[in-house]
Amino acid sequence: MSEPITLRRFLTRHAHSNGLDPNLIFLIEDIASACRVIGNRLRNAAFEDNHGLAGDTNVQGEDQKKLDVIADEVFARICENSPRLAALVSEEREDAVWLKNPEAGDYLLFYDPLDGSSNIDVNLSVGSIFSICTAEMDGDRDVLKAGSAQNCSGYAIYGPTMMLVLTVGSGVYGFSCEYGTGDFRLTHPRMTIPAETAEFAINASRYRMWDAPVRRYVDECLAGSTGPRGRDFNMRWTASMVADVHRILTRGGVFLYPADEVNRNAGGKLRLLYEASPMALLIEQAGGTATDGTNRILDIHPYSHHQRVPVILGSASEVARIAHYHIADAGSAAS
Ligand code: AHG
Ligand code: MN
Ligand code: MN
């Protein structure tokens, strides 16, 4: 049997062929360690009395679960010793945390420590999302980087198998955590999204709040073989973006968390820096696309740490169709 390709081996090989900075490898390994620890804390949550609410709200006014807080602390504690990490931006912290005065090439880490945390108490899949950018010059204290500036992004999924899925800018690779050794081993080389799909993911309870282009798209999918699409569609919604994106990276599909009547003033639901941008990079690296309806997610320049954005991502042909419905709707409103 051939030797397993561990995360370290994969990254070291990549360093040789693509000139990956060893300090980036150290940081990715620290993130993997943090995710391993978070996975263990999730598994033991019932024994450690860690289910339920922390009794506080985060900067976005959302109730924090005990495990949101624990996962955030684990991420920060393990990663802050990484030699070239200059700053952390977390969903659970109001401001960026500066660890040092940045030198050119130092790293900035953006993370959602626990994604889909409403799923914890019902024992469904949750995840952690991360994104890494570099400081452009000495003293550059700007964390508001567009998604196209990311050096690396990925997520851990705490599902039946714990996995780490990441890109360092040349394809998407999935590593499964081996029970016993805790090693992340390459099991999903070059994950790619088929261009065509017959599966969509959206929180349909918000139907009455949606804009016309989103209703049109979903109505046509629901009409199935009797409607304009001429074929039946399947629908899935896990309420954990990590799990929905993982399904799309595995078997295709499209995911929508659009702007709607209720979330429009906030900009949408999902956060640009540590949810939308990292997932958009993975999706593009796997051959899919990601838009806010009008703009490529990776081109959006953030104006604040916790900025929200509408998200439509997945199989390229479906995302193009939904974007086209948005353009057609804007055109008819203007005329
Ligand atoms: P988080 O748990 O980090 O706050 O993120 C939850 C997000 C995302 O994972 C998911 O797609 C969406 O919120 C679920 O929203 P609904 O509750 O509207 O289904
Ligand atoms: Mn999240
Ligand atoms: Mn979260």
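Mentor: We shall take the domains, the metal sites, the pockets and some loop residues in turn.

Mentor: This is a predicted model, in which local features need pLDDT of at least 70, side-chain atom pairs count only at pLDDT 80 or more, and totals for chains, interfaces and linings use all residues. Residues are numbered from 1 along each chain as its sequence is written, chains are lettered from A and ligands numbered from 1 in the order in which they are written, and side-chain values use heavy atoms, with hydrogens and water left out.

Trainee: Which domains does the domain assignment give for the protein chain?

Mentor: Domain bounds come from an automatic or database domain assignment. Here that assignment gives domain 1 (7-188) and domain 2 (199-334). Their C-alpha centres are 24 Å apart. The contact between them (heavy atoms within 4.5 Å) takes 45 residues from domain 1 and 29 residues from domain 2.

Trainee: Which protein donors does the manganese ion (ligand 2) have?

Mentor: D112 (OD), D115 (OD) and E275 (OE) are its protein donors, lying 1.9 to 2.1 Å from the ion. Their spacing along the chain is D-x2-D-x159-E. D112 coordinates both manganese ions, ligand 2 and ligand 3, which are 3.7 Å apart.

Trainee: Why does D112 count as buried?

Mentor: The terms rest on relative accessible area: buried means under 20%, exposed over 50%, and partly exposed in between (1.4 Å probe, protein chains only). D112 counts as buried because its relative accessibility is 0%. L114 is buried as well, at 2%, and D115 is buried at 5%.

Trainee: How are pockets found, and what volume does the largest pocket have?

Mentor: Rolling a probe the size of a water molecule over the atoms shows where empty space is left. On a 1 Å grid over the protein atoms alone, a pocket is an open set of points where a 1.4 Å probe fits, with protein on both sides within 12 Å along at least five of seven lines; lining residues have an atom within 4 Å of a point. Grid points are joined across faces, edges and corners, and a volume is the space filled by probe spheres set on the points. The largest pocket has a volume of about 440 Å³. It is lined by 24 residues, of which G116, S117, S118, A239 and K269 are the closest to its centre.

Trainee: Which element gives the most to the lining of the largest pocket?

Mentor: Strands (E, at least two residues) and helices (H or I, at least four) are DSSP runs, numbered from the N terminus. β5 gives the most to this lining, with 3 residues. The lining also draws at least three residues from each of domain 1 (7-188) and domain 2 (199-334). As for classes, Ala, Val, Leu, Ile, Met, Phe, Trp, Tyr, Cys and Pro count as nonpolar, Asp, Glu, Lys and Arg as charged, and the others, Gly among them, as polar. By these classes, the lining of the largest pocket has 7 nonpolar, 6 polar and 11 charged residues.

Trainee: What is the volume of the second largest pocket?

Mentor: Its volume is about 340 Å³. Among its 18 lining residues, L42, R43, N123, L124 and Y158 are the closest to its centre. Helix α2 (residues 22-43) gives the most to the lining, with 3 residues. By class, this lining has 9 nonpolar, 7 polar and 2 charged residues.

Trainee: Is I193 buried or exposed?

Mentor: I193 is buried, with a relative accessible area of 8%, and its place is in the loop between β10 and β11. Leaving aside neighbours within four places in sequence, I193 is in contact with residues including I248, L249, G252 and I283.

Key
Donors are N, O and S atoms within 2.8 Å of the metal (3.2 Å for Na, K and Ca); water is not among the atoms, so sites may look incomplete.
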